[in-house]
There are 4 protein chains.
Amino acid sequence: MSVEIGMGKSARRAYHLDEVAIVPSRRTRDVNDTSLAWQIDAFRFDLPLVATPSDATMSPQTAIEVGRLGGLGILNAEGLWTRYDDPTKLLEELASLSDDSRRTRRLQEAYAEPIKPELISDRIRIMREGGVTTAVRISPQHTLELALEAIAAGVDLLVIQGAVVSAEHVTTSGPTLNLKQFIADLDVPVIVGGCANYQTALHLMRTGAAGVIVGTGADKWATEDEVLGIRVPMATAISDAAAARRDYLDETGGRYVHVIADGELQTSGDIARAIACGADAVMLGQPLSVAAEAPAGGAWWHPMASHPKLPRGSYVPATSDWPLGSLETVVDGPADDPNGWLNLFGGLRRSMAKTGYSDVKAFQKVDLVVTR
Amino acid sequence: MSVEIGMGKSARRAYHLDEVAIVPSRRTRDVNDTSLAWQIDAFRFDLPLVATPSDATMSPQTAIEVGRLGGLGILNAEGLWTRYDDPTKLLEELASLSDDSRRTRRLQEAYAEPIKPELISDRIRIMREGGVTTAVRISPQHTLELALEAIAAGVDLLVIQGAVVSAEHVTTSGPTLNLKQFIADLDVPVIVGGCANYQTALHLMRTGAAGVIVGTGADKWATEDEVLGIRVPMATAISDAAAARRDYLDETGGRYVHVIADGELQTSGDIARAIACGADAVMLGQPLSVAAEAPAGGAWWHPMASHPKLPRGSYVPATSDWPLGSLETVVDGPADDPNGWLNLFGGLRRSMAKTGYSDVKAFQKVDLVVTR
Amino acid sequence: MSVEIGMGKSARRAYHLDEVAIVPSRRTRDVNDTSLAWQIDAFRFDLPLVATPSDATMSPQTAIEVGRLGGLGILNAEGLWTRYDDPTKLLEELASLSDDSRRTRRLQEAYAEPIKPELISDRIRIMREGGVTTAVRISPQHTLELALEAIAAGVDLLVIQGAVVSAEHVTTSGPTLNLKQFIADLDVPVIVGGCANYQTALHLMRTGAAGVIVGTGADKWATEDEVLGIRVPMATAISDAAAARRDYLDETGGRYVHVIADGELQTSGDIARAIACGADAVMLGQPLSVAAEAPAGGAWWHPMASHPKLPRGSYVPATSDWPLGSLETVVDGPADDPNGWLNLFGGLRRSMAKTGYSDVKAFQKVDLVVTR
Amino acid sequence: MSVEIGMGKSARRAYHLDEVAIVPSRRTRDVNDTSLAWQIDAFRFDLPLVATPSDATMSPQTAIEVGRLGGLGILNAEGLWTRYDDPTKLLEELASLSDDSRRTRRLQEAYAEPIKPELISDRIRIMREGGVTTAVRISPQHTLELALEAIAAGVDLLVIQGAVVSAEHVTTSGPTLNLKQFIADLDVPVIVGGCANYQTALHLMRTGAAGVIVGTGADKWATEDEVLGIRVPMATAISDAAAARRDYLDETGGRYVHVIADGELQTSGDIARAIACGADAVMLGQPLSVAAEAPAGGAWWHPMASHPKLPRGSYVPATSDWPLGSLETVVDGPADDPNGWLNLFGGLRRSMAKTGYSDVKAFQKVDLVVTR
C-alpha cells in the first residue's frame, strides 16, 4: 500500500483504529464462554489491561485497585508520587486552575521537583502490601539511576517507557543505556516502549523484553504529531508490531513477546479493535480518568504534558458529569451509558462472543473492514 | 479492494450508504409508470417497507397503520407493549427526563419488567383485527420460549432478530436455538438477522428463512461500533448479502430469499441507495419517529439502547418541530420540506423514474458512483 | 477507477469540484493577454457565463444586466415572472418569513399559481428591448405547450431544462417530447439538460442541441442527493460530458456541442476548476444572489425547491452583509473580499494567466491534482 | 498515483503536509547531537528558517531579530515599510477595525500608496547595521525597477517572489523580466518563487537561482484556492521540487539549489514534515505573528491579502492570548504550551533526535506514512 507523495518520495498508507471495524463471522458464541485471561512472564491477569503510568489515573491505591480488578497498574516512578510525600493538594490546585497555559506551566513546575528515590521504595511497598502484581515506569534516561531502587524494593515488573524508544540510542555525551545487556542482567521481566514500526518492535523484542509497548503518544489527548510531526496510526502500528512478534517467535523458536497497544483508545470498541489488529493487551490512561477513584478528580493529562521545554499534551479538566462510575464499573460494568466508556472489558467480551471467538489470542484473527 | 492495515493484516475497504450515489442513465421514465410492489412468501406489499420493531415507533396501532399504507409493521414481542398493559405513562415519563444518563437508566429499568406472554397474544389479536399482515420480533435467546405463543395467536410472519445473529450459535450452558430445524418445523415464514457479511447471510438463507436482515445496529443512532468495535458499512453489507442471495438462488435452483436493509437509513435518498445496492426492502425505525402517530411522541431509540449491562444507543428526544406530518405523509407525501424526511417512498419512486427503472428488482442494477 | 462496493457491485470513484485543483505550469502569462470570449451557435459572449433560471436571481431586468456584462441571462418561463404580473410583493413576503418549513410551503403555494402564457411573451419582449441575447427555460414536461409561445415572442435561445433529462423519456400516459424531432423542427438553437454521465450527454448531443447542461441539482444548495439518492460529483460529470463532446465531434465530423456546467459552483476558483475539467461555460445561480440587483433581495433557492410534492432545495435567506456589491462587481470586480465571491471572471482570467493559458478552450487542458 | 477524474481527464493525487507523518526508525539520538545548520550560497544560518516578507511579521527590527536567532529575515521591498516613513499608526488602525470587509479595503488602500525607493535603501541600511544577513523581497513585475536600488544599498540576498512565478513569463505589453539573464548579471544570489511542480522548479533552478520557494499561497490563511482554483498540496509540491533539485544537481554536475517550503506551516511538527518531504528550509509567516515583537501586534495577513482587485487572504486579528512569547521563545523555546506553536526549532531538533537523524539534509530521507 505504498503511495507516491511526490517524485522520489513514497509512503505507506497507515490506518487509525477508528478507521477499521470488526466484521461478524458465521458463528456466534455465548458471552459466558469467553475468556479474557492474559499472562506475561509468570504473571497472570484476568484482563488484558495495563494502566498507563499517568499521575492523573495511577496512584498506589488505584494501581492496587486495577490489580484487584484483574489488570496491571503501573505507577510512574518519575511522577508526582515519587516527587512529593503527598501530591493531593497539588492535584487539587491543578483542578482549580481555569487557564490552559497556566495549567501547563503548573504541570511543568510540579514535575521540576526532584525525584526522591526513597519514595519509589515506599510506593512499591504499599502496592506490594495491596497483594497485586506491581510495576513501575522509568524513563530510558533515568533507568540506570532508578531501576535498582525499584528492584530492591521488590517490584514485579519494570516498565521502561519513553515517547519514542529504540534499541539503539546514540549519544556522544556520557554513557547510554544498553537495553539488551541491562535486561539480561535483571531478574525481573521488562516491558519496553513506545515504538511504532516493525523494525523497532523487532529490535526491542531482541533486547529480551517480555513486552513491547506500541504507540508514541499521538492521539486525541497528546500532541506528539503537532509538536514533532511523528505519528503512526495505531491500527497499522499494532499490526506491524504483531508481525514482528510472529517473526521473533520464529527466529527464537518460541519466545513470545507481548504487544501492548498504547494510544487512540477511548471506548470498549477501541479496545476490541486494538486486539483485532494483533495486540495482546491494551494500555489505558484517559478511559480510567472517568472513574471515581481517579486521583486527579477526573482530569487527564498524558505523561508528556509536563515536559519542561516541549510539552506534548494538555491538562484536560474533568467533565461536569464526573465520575461516570467506580473503577469497577468502568472496567467491568454494568454500563448505564451507551458510549462505550463503561464496562470496557464487558464490551470486549461481547465483541468476541458476537464474532464467535472464545479467547483474546484467537480474536487477533477476526476479520476487519476499513470503514472510511 | 483489499488493503494492508499492517504487515500480515489485511482488510477490505467497505462503503457506507452515504458514500455512494445513483447515476442517471440515458433513459427517463414517467413516475406513474413505476411499481414499488414487494412480495415475501405469500404476503404482498405495495411498498418495500418493513418497520423496525422499536417501541419508539411501533405500537399495535402504528403497525396497523404501516400495514394500511402498504408496508409491514413489526411489533417487538419483548418490548414495552408486552411487558406493560399500557406503556403510555412510561413513554411520557421518558420524554420528560432531561438528562441522557437518567434516560438510559430509565430505559434499562423499564425493560427489566418481565414479559407477560398473554400480552403477546393480545397485541397480535389487535393487529389481526386491523386487517393487516402481522409480524412480531423475538430475540434468538427467547425464541424457543416465546415463538409458540405468537404462532398460536395467529401471527403471519415471525422475525427473529438480534444485533448480530448467526446460523451457528455456540454455547456450553444449556440448549441453543437450532435455526434450521426450528424454521423447518414452523408453519409461518421467518425473517432473521441482523447479519453483515456474505457468509453469514448465506448460512442464514440456508436455514430456510424467507428474509434476511442486513445490518447490526451501527449507525447514527446506535453505538454498536463504539461499544463493540463491530461495524460493516451498509452499502457493502447489502451488496454482499445480495451476492449471497444470488448464489443461494443458484444452489437451490430458485429459492429467492429477501434481503432487508436495516441501518444508515434516514432519507428517501438513503432508501434509494439501499435498493440500488441490492436490497429488496428497507427496515425503517428513526425515519418513522417524525410521524404524528409515533407512540413515543417523536423520540427515538434503537432496540439495543435498553440493554441491562451494555446499552448501545441513546434515547434521542423529539425535536421541537415534531411532528413533521402524519405517518401517511412521511411514507407517501406530499412533502413540504426539502430534506428527504417526508414522502419517503415518493422519493424512491421518483429516483427510479429519473433513472429509467420501473420496478424495485430492476433498480438493484442501477449504476452507482463512490462520491467521496 | 472502478472499486468494489460489495461482491458483485462495482462503482466508479467520482470527484467533486472541490476535490481537484489546478497546477501551475512552467509558463505564466500577462492577465491582459487572456480572452474569456465564448460563442454558442451564432451568439457571441464576452464571458462563459450562463445565469441559472432561478427567480431568486433572474428577473427580466437582471437577465438584461447579465447580457450587458457579457453573459447569457435565462428567464424561467415557468417561474414567478410568468405566473404573476408583479412578483415583487411575493418575494418580499418570502424574505420576511422566519421559519424554514413555512418558506418551503409558501414557495410551493406561489408556484401553484398557473402560468400565464401572455406573460412569457411580455417578458421576452422586455428582454429583447434590453438589446441582449434572450433565453428562457422551459421544462421538458411543458415544452410542447409553451415553447411556441416563446419562439413566437422572438426568443434567441431555448433552454429545455429539468433536474434529470434524457433523450429517451418513456411514458404510457399520453404523448411525450421527442427531443430530436422537436429540435430539428425549430429555428432557434436549444440548450438542454441536466445530465450527469457520458452516455446521456452523448445522446442529448445527438438530438441536435447546441449546448448540454451538466449537473442534476445536487450540491450545497440543492438536495437531489438526500431526496433521490442521485448525485454525480461535478468534476467527473463535466469531464465525462467533455469526452462525449469530443466523441460527438468526431462522429459528426465537426459539430461542437457546448458543455455548460451547473452545480457545485460558488467561487471564482470553482469556475476555473469547472473549465479545467472541460466545461465551455458555467451556469451560475447562488453566486449571483449576492449582487445588489438580485430580485429576491439576496435570498437563494434552487428551482427544484418549489416542487409541489418533493421539494429538493431550501430557501436560503440573504446574509446580513448583503449585498456584497453590484452585479458588475460580482462578475467583473474589483473585489474587496478574499473569498472568491466577487470578481468571478477576473479570478478565472487570472487563473488562466498564472498557468500560462490565453483562452478558455485551451485552459480545458490545464493539469489538475486531486487534493484530498 | 494518477487517478481518472473522468473519461479523458486524469490527475495525480497530491498530499497536504497534514496528511503525512514521520515514522520513528530503529535508532534514536541525543537531542544535543543534532545540528540544524543551513548554508545557502556564502551565507550560513544556525536554523533552516526564512521569514516570510509579510508586513505583519517582518519590520527591519524583526528581520534583525530573526537574523540574531539564526535565521534569515526578509523585508518586503514593496510593503508598508517602503511606502510609509512610519507605518506604526496604520498597523494600529488596522488592528482597531472590527469588520472583515473594512479590513480588506483598508489593506487595499494602504498598499495603494506609492513605494518610495529611498525607503528601500534606508531599511536595508538599518538591517545591515543590525549585523545580520539582509534580504528583501521584490515582485517579478517590479524587479527591473527596484532591484538595483536594493543592491546598491548593499542587500545580501534578493528574493524575487510572486504568488505563482515561472521562468517563462509571456506578455505582449512591454518588456518582461528574463530571469536567467537578470540573475546572471547580478552579483548577489537570488531566491525565486513560488512554484508548485517539478517542471517549474527545474526551470527556475536553471535560471541560476540559489534557492527556489515552493508554495503558491494556498493554505489556511490564503485563499489562492478559492479565488483561482490553484493549489498543489505542500507535501507533494515539496517532494516534486526536491526531485527537481536532485535532477538539476545531476545535470549540472554539482550545483545544489535550495528548496524553501512556503505554505501549510503552523507548528513545529509541520516544519519537521516539510523537511522530511525534502525541503532545505522553511519560510514562516503566521507562526511568527504570535511573537511579542511582531509589528502588527499579533495580527496576520498573507502578502496577497492586499491585492487591489483580487485579494487572496484575510486580515486575521490577534488572538486574545497574544503574545504567546518572545520571538526567541517562538523560535527556540522553551515552550509552555502543548500545541507546537512555541520552540519551533526545538521541536524540529527533537523530531530528528527521536528518529535518529543528526542533520537536516539526512532527515529529508526519514520514512513517512500517509495518515488519512
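**Figure 1. Salt bridges between chain B and chain A.** In this predicted model, the count of salt bridges between chain B and chain A comes to four. Zoom in on A:R26 and you'll find B:E168 as a salt-bridge partner, with the closest N and O atoms 2.9 Å apart. Polar contacts turn up here too: the rule picks out 34 residue pairs across the interface of chain B and chain A, both residues being at pLDDT 80 or more. So what does chain B bring to its A-facing side? Strand 1 (2-6), strand 2 (9-13), helix 3 (100-110), strand 12 (168-170), helix 7 (198-205) and helix 8 (224-228) of chain B each give two or more residues. Helix 8 of chain B supplies the largest share, five residues. Sort the residues on this side by class and you get 19 nonpolar, 21 polar and 13 charged.

**Figure 2. How chain B and chain A cover each other.** On the chain B side, 53 residues are in contact with chain A, and 53 residues of chain A are in contact with chain B. Put together, the two chains bury about 4,100 Å², and carbon and sulfur atoms give 55% of that area. Which residues of chain B lose the most area to chain A? They are B:I5, B:M7 and B:K9, which together account for 17% of what that side buries.

**Figure 3. A strand from chain A lines up with one from chain B.** Here strand 19 (residues 368-370) of chain A pairs with strand 2 of chain B. The two run in the parallel sense, and two bridges link them. To get your bearings, look for A:V369, which stands opposite B:R12 in strand 2 of chain B.

**Figure 4. Chain B meets chain C.** Now move to the contact with chain C, which takes 53 residues from chain B and 53 residues from chain C. The area buried between chain B and chain C is about 4,100 Å², with carbon and sulfur atoms giving 54%. Four salt bridges are counted between these chains. You can pick out a salt bridge between B:R27 and C:E168, whose closest N and O atoms sit 3.0 Å apart. There are also 34 residue pairs in polar contact between chain B and chain C, both residues at pLDDT 80 or more. Elements of chain B that give two or more residues to this side include strand 3 (20-22), helix 9 (234-252) and helix 13 (344-354). By class, the side of chain B that touches chain C has 20 nonpolar, 16 polar and 17 charged residues.

**Figure 5. Strand pairing between chain B and chain C.** Strand 19 of chain B runs parallel to strand 2 (residues 9-13) of chain C, and two bridges join them. Find B:V370 and look for its bridge partner in strand 2 of chain C: that's C:R13.

Figure 6. Chain A and chain C make no contact, and their nearest C-alpha atoms are 12 Å apart. Chain B and chain D don't touch either, their nearest C-alpha atoms being 12 Å apart.

Figure 7. Is A:A51 buried or exposed? A:A51 counts as buried because its relative accessible area is 0%, and the cut-off for buried is under 20%. Leaving out residues up to four places away in sequence, A:A51 touches several others, among them A:M58, A:V66, A:L72, A:I74, A:M283 and A:L288. A:Q286 is 235 residues away along the chain, yet the C-alpha atoms of A:A51 and A:Q286 are separated by 9.6 Å.

Methods:
Residues numbered from 1 in each chain as written. Chains lettered and ligands numbered in written order. Predicted model: local features only at pLDDT ≥ 70, side-chain atom pairs only at ≥ 80, totals over all residues. Heavy atoms only, no water. Contact = heavy atoms within 4.5 Å. Buried area = accessible area lost by both parts, 1.4 Å probe. Salt bridge = Lys/Arg side-chain N within 4 Å of Asp/Glu carboxyl O. Polar contact = N/O pair within 3.5 Å; in protein donor to acceptor, adjacent residues only side chain to side chain. Helix = DSSP H or I, 4+ residues; strand = E, 2+ residues; numbered from the N terminus. Nonpolar A, V, L, I, M, F, W, Y, C, P; charged D, E, K, R; others polar. Pairing = 2+ DSSP bridges. Buried < 20%, exposed > 50% of the residue type's maximum accessible area, 1.4 Å probe, protein only.
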